[in-house]
Structure formats: C-alpha cells, structure tokens
Amino acid sequence: MVKVDLSHALLEGNVLDYQEEVNRIHEMIHQKSGKGNDYLGWLDWTENYDKDEFERVKQAAKRIQKQADVLLVCGIGGSYLGARAAIEMIQGPFAKNNLEVIYVGNTFSSTAITRVLEYIKDKEVAVNVISKSGTTTETALAFRLIRHFMEEKYGEQASERIYATTDKERGLLKPLADQKGYETFVIPDDIGGRFSVITPVGLLPIAAAGIDIDALMQGVKDATFELNNPNLEENSAYVYAVVRRMLEKQGKSVEMFVSYESHLVFLAEWWKQLFGESEGKEGKGLLPASVNFSTDLHSMGQFVQDGTKVLFETVIRVDEPIEDGIVPSEEGDIDQLNYLAGKSLNWINEKAFEGTLEAHEVTGNVPNVLITIEKTDAYNFGYLVYFFFKALAMSVYMLDVNPFDQPGVEVYKKNMFRLLGKK
C-alpha cells in the first residue's frame with residue numbers, strides 16, 4: 001500500500017473538485033481510448049503476462065548465478081533503470097550477494113566501457129543485452145565490444161552466457177541472437193521501455209540478483225486491483241496525479257523527488273525518466289529533478305530553502321529501514337554527540353526529515369507531498385512502480401498529451417548519426 005499525505009502540500013484548492021475529470025480520464029485509460037492507447041499493456045499485465053516465459057526467467061536467473069561472478073546488464077534508459085532501481089532499493093548498499101551486477105551500454109564514455117572490459121577479464125561473466133530494436137547506438141556499440149570479449153574468452157560456450165531481451169520478431173538483435181544461439185526473452189509490443197521493469201526487461205536481472213520476483217509481481221497485482229478505482233477518496237495514485245497538476249497551476253514548474261535513503265537514488269533516476277519522457281512534450285510538463293537528503297542538503301538545500309519558488313518536493317518515506325543501529329556513549333564526550341547516545345540511526349534520520357520538512361514548508365514556502373511505503377522489499381517495489389504508472393497516466397492525460405511516446409528523443413539521434421557519417 002502507498003500512502004499520500006497532503007498536509008504539507010500548501011494546496012490552494014480541493015483535490016476532490018477534480019473528481020469529474022478523473023472519472024472521465026479513468027474511463028479513457030481503462031477503455032484504452034486515449035492517445036497512445038496501444039502502449040497500455042502494463043495496465044493489466046499481471047493477468048496477461050506469459051507465465052511460461054516467467055518461469056524461464058527464473059531458471060535463467062539461477063543459471064546466471066551458477067555461471068558468473070559478474071552479470072553485465074547492457075541497455076540504456078528503461079532497459080536498465082528499472083532493474084537498477086529495484087536491485088539497489090531492495091538490497092540496499094553493500095548487499096551480501098555473490099553476483100555483482102554492472103550496468104553498461106548506457107553511455108558513449110570510452111573510459112567507462114574500457115575500464116569494465118579490463119575489470120572483468122579475470123572474472124566469470126554473463127551478459128543480459130536488452131534492446132527492442134537492436135539499433136540503440138550506445139547499447140549496440142557496447143554489446144559489440146562485449147560480444148567480442150565473450151567469444152574470445154569462452155569460445156563457442158559464449159552463447160550459453162549471453163541472454164537477449166528484445167522484440168519477438170523484429171529488429172537487429174533478434175536475428176543476431178537466433179544466429180548465435182542466445183536464449184531470448186520478449187519485450188512486449190504494448191509496453192514502452194520506461195514501463196518495462198515488470199517484464200523480462202527488468203525481471204531477469206532482478207531475479208539474477210537474488211530477488212523474489214514472485215513477490216514483486218504480487219505487489220504489481222495488488223496495486224492493479226486496488227488502484228482500479230476513480231474515487232479520489234480511495235485512490236492514492238490519482239490523488240498524487242491531481243496534486244501535480246494543481247501545484248503546476250500554482251506556478252510550480254519543477255517537481256523534486258526527495259529520498260532519505262542512499263539506496264533510493266536510482267529509484268529517483270527511474271522516476272525521472274518515467275515522468276520526464278512521458279509529459280515533457282508540446283511545451284508542457286513539470287521538470288522532474290531529484291535529491292538525496294540529508295546529503296544534498298549540503299549542496300542543494302540552500303536553493304530549495306531560499307531560491308526561486310519554482311519547485312515542490314515529492315518525498316518518498318519508508319517506515320522500516322533495511323538496517324538500523326544505536327549510537328554508543330563515549331566517556332568525555334569529545335565529539336559532543338552524547339546527546340544522541342542510545343538513539344537509533346533511523347530515529348536521527350527521521351528527525352532530519354522532520355526538521356527539513358518544517359524548514360522548507362514553513363520558512364521556505366515549498367510545498368511537500370509525502371509518499372510512504374512500509375519497507376523497501378520486492379513486494380513494495382512492485383506496488384510502488386504500478387502506483388507511479390497509474391498516477392502518470394492520469395496526470396499526463398490531464399495535460400492532454402500522449403503519455404507513451406517520446407518523439408523528442410529522436411532529434412539528437414538524427415544529428416549524431418549525421419555527424420558520425422551514418423548512411
């Protein structure tokens with residue numbers, strides 16, 4: 001369950017005044033009659049996903065765990081952000097895991113890919129390459145280098161260590177995978193990349209990392225049922241969606257995603273793609289940004305507190321941390337921290353949140369929307385991502401743009417290909 005608290009949101013109107021509009025858009029979403037409706041496969045995915053393929057994902061994950069010390073996840077944008085968000089959120093920092101996951105194919109940095117190839121040369125390696133078309137240049141370039149590395153290292157057995165997640169029939173990666181004999185998994189035609197974490201795109205690396213994807217999918221399933229309701233007094237996702245548009249009307253053009261746990265940084269990166277790529281069109285949309293407190297209070301805190309009043313904060317709260325500890329007492333109190341002796345580290349983090357909330361809301365006049373989950377486990381991750389999917393569909397349809405395309409992304413590619421001499 002996801003809770004949304006608006007008591008610090010500084011709203012100048014009533015959320016319930018939007019009920020009629022929400023009813024209309026909810027019906028449009030579920031009848032799949034709005035713009036981009038051919039990409040609403042995530043809406044009822046837990047009823048329609050391929051159960052046999054899901055079992056193959058779990059078997060392949062077990063095989064990867066036996067084969068490899070390192071799993072290279074080769075993809076960009078939605079092809080890796082969801083998996084990385086899940087793995088880091090659920091396992092936390094410095095997780096006790098025999099399989100190291102390294103993310104490649106998401107940059108043109110020569111140093112990054114060269115250093116990865118150097119790092120893995122004496123390790124046992126498996127690869128999950130993820131691309132619907134097979135033509136995404138960052139991913140395709142990295143995979144060519146990695147493929148050559150794997151074939152040189154393992155010879156004919158390289159094909160047993162490479163797993164391709166791609167289109168069922170089309171594109172360049174599928175025929176290459178068939179020719180080489182890679183096990184393949186399907187990116188559904190009706191689910192866009194930024195929604196694909198609940199498909200084999202995200203599920204294979206997540207399962208390989210040792211995470212229970214049955215629990216993850218149960219979270220998605222429960223959210224699918226519980227958030228299929230237009231009533232704003234009962235649907236927290238739609239409340240969040242409406243509040244985003246209300247705060248935009250109040251002059252806020254930036255939504256800052258705030259977390260107080262370092263292992264939620266890539267949840268924020270995934271969230272930024274989800275919302276930025278979905279609503280940043282036709283000169284419309286909130287700019288999604290993110291900070292991790294209290295760390296970024298020492299860099300961005302000044303602007304949030306006293307800068308231009310362009311932003312509101314969406315704060316993700318977690319009731320139960322993965323780990324906690326107690327501050328010891330120290331004789332002499334040289335560092336003057338004995339006032340915290342006997343307190344838990346999580347309690348201190350909570351007080352940092354409470355103090356920051358008061359400063360930003362009361363003194364800084366910055367609206368805060370609080371989103372709370374119970375814990376950062378697989379179930380809650382699944383529930384949370386579907387919460388954001390549903391909120392996004394409602395919120396972006398309220399802007400009257402297509403939530404599911406990304407035409408602006410193609411502009412840089414055309415210019416780059418021209419400069420590279422591609423014909």
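## Helix α14

Helix α14 is mostly covered, with 19 of its 20 residues buried (under 20% relative accessible area, 1.4 Å probe, protein chains only). Helices here are DSSP runs of H or I, at least four residues, numbered from the N terminus. The model is predicted: local features need pLDDT of at least 70, side-chain atom pairs count only at pLDDT 80 or more, and totals for chains, interfaces and linings use all residues. Residues are numbered from 1 along each chain as its sequence is written, and side-chain values use heavy atoms, leaving out hydrogens and water.

The length of α14 fits its residue count: at 1.5 Å a residue, its 20 residues should span 28 Å, and its end C-alpha atoms lie 29 Å apart. The expected span is 1.5 Å times one less than the number of residues.

## Nonpolar cores

The largest nonpolar core has 100 residues. Such a core is a set of buried Ala, Val, Leu, Ile, Met, Phe, Trp, Tyr and Cys residues joined through side-chain atoms within 4.5 Å. Trp42, Trp270, Phe381, Leu384 and Phe388 touch the most other members. Helix α14 (residues 378-397) gives the most to this core, with 15 residues.

Leu384 touches Val2, Met89, Leu267, Ile316, Ile371 and Ile373, not counting residues up to four places away in sequence. Contact means heavy atoms within 4.5 Å. Another core, of 24 residues, lies apart from the largest one; Ile113, Ile146, Leu173 and Tyr182 are among its members.

Terms used. Buried < 20%, exposed > 50% of the residue type's maximum accessible area, 1.4 Å probe, protein only. Helix = DSSP H or I, 4+ residues; strand = E, 2+ residues; numbered from the N terminus.
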